[in-house]
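Good morning, and thank you for joining this group meeting. Please take a moment to look at the structure on the screen before we discuss it.

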Amino acid sequence: GEGSCSPATDGISRCVQVLRSHHVAAILRHYEPDLLKVFNSYAQADQSAPGALGSLDTVSLPELIFAMKEGRMLDNTLTVAKLTSIFARTNATNEDDADGDDDVQELCFEEFVQLIAAVCDTKVPADTREGVPFELTLQSWLHLIFLPTYKKILKDKARGVAQKTIK
C-alpha cells in the first residue's frame, strides 16, 4: 500500500522516504525525550561483550531483541527475523549517508528512532490502517502502546524490580 515499508519495486528507498517524511520527523521529534530514555536504558543493557561498556551510546542487535522481548513487542507480525532484517536495513540505509555512523553492529539514537518507526510500520501494516496516514498511525502507536509500555518497564528498572542488563 501507499506509504508502507513493504518491499516495492524501488524497495528500501520508498520506505526511507516515508520514515523520513517531515510529518513523521515532527512526530518523532515530539517524542524524542521519551524515546531517548528508552534508547539510553537499552544502550546500557549488554555489558557482556568485551568493550561493551564503551558502547553505552548505541544499541546492538542483542540489546534491541532484549528490548523488544521485554516490551512484548515480538509477535507474528514482528518476529526476531523481521526485527533483525529491519535492524540491518536501518544500518545499511544510514551507512550510505555521509554523516551516518559506520558501525553495522550498533544503532545510534537517530537510527534507533528510525527503526522504531519501521517497527510501527511492521506491527500496524498499511492494509490495516484504513487509509490513515502513517504519521498518525505512528503517533497513536507511540502514545498508546510503545511509550506507556516502556515507561512502565523503565520505572520498574528504576525501582529495581526488572532486569537492567541482558545477563
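Among contacts in the protein between residues at least 6 apart in sequence, what percentage join residues at least 24 apart? The figure is 62%. Please keep in mind that this is a predicted model.

Let us begin with the overall layout. The protein contains 7 helices and 2 strands, and from the N terminus on its elements follow the order α-α-α-β-α-α-β-α-α. Of the 167 residues, 46% are buried.

The largest nonpolar core comprises 41 residues, and Leu35, Leu138, Leu142 and Phe146 have the most contacts inside it. Helices H2, H3, H4, H5, H6 and H7 each give two or more residues to this core. Consider Leu35: leaving aside residues up to four places away in sequence, this residue touches Leu28, Phe109, Phe112, Val113, Ile116, Leu142, Phe146 and Leu147.

Helix H7, which spans 134–158, has a kink of about 45° centred on Leu142. After H7 comes Gly160, with a positive phi near 85°.

Finally, let us examine how H7 meets H4. Their axes come within 10 Å and cross at roughly 100°. Because angles of 65 to 115 degrees count as roughly perpendicular, the two helices H4 and H7 are described in that way. On the H4 side, the residues are Phe66, Ala67, Met68 and Glu70, and they meet Phe146, Tyr150, Ile153 and Lys157 of H7. By class, this contact has 6 nonpolar and 2 charged residues, with no polar ones.

Conventions:
Residues are numbered from 1 along each chain as its sequence is written. This is a predicted model: local features need pLDDT of at least 70, side-chain atom pairs count only at pLDDT 80 or more; totals for chains, interfaces and linings use all residues. Side-chain values use heavy atoms; hydrogens and water are left out. A nonpolar core is a set of buried Ala, Val, Leu, Ile, Met, Phe, Trp, Tyr and Cys residues joined through side-chain atoms within 4.5 Å. Buried means under 20% relative accessible area, exposed over 50%, partly exposed in between (1.4 Å probe, protein chains only). Helices (H or I, at least four residues) and strands (E, at least two) are DSSP runs, numbered from the N terminus. Contact means heavy atoms within 4.5 Å. The bend at a residue is the angle between axes fitted to the seven residues ending there and the seven starting there. Axes are lines fitted to C-alpha atoms, for helices over the stretch in contact, and angles run from 0 to 180 degrees between N-to-C directions. Angles under 35 degrees count as roughly parallel, over 145 as roughly antiparallel, 65 to 115 as roughly perpendicular and the rest as oblique. Ala, Val, Leu, Ile, Met, Phe, Trp, Tyr, Cys and Pro count as nonpolar, Asp, Glu, Lys and Arg as charged, and the others, Gly among them, as polar.
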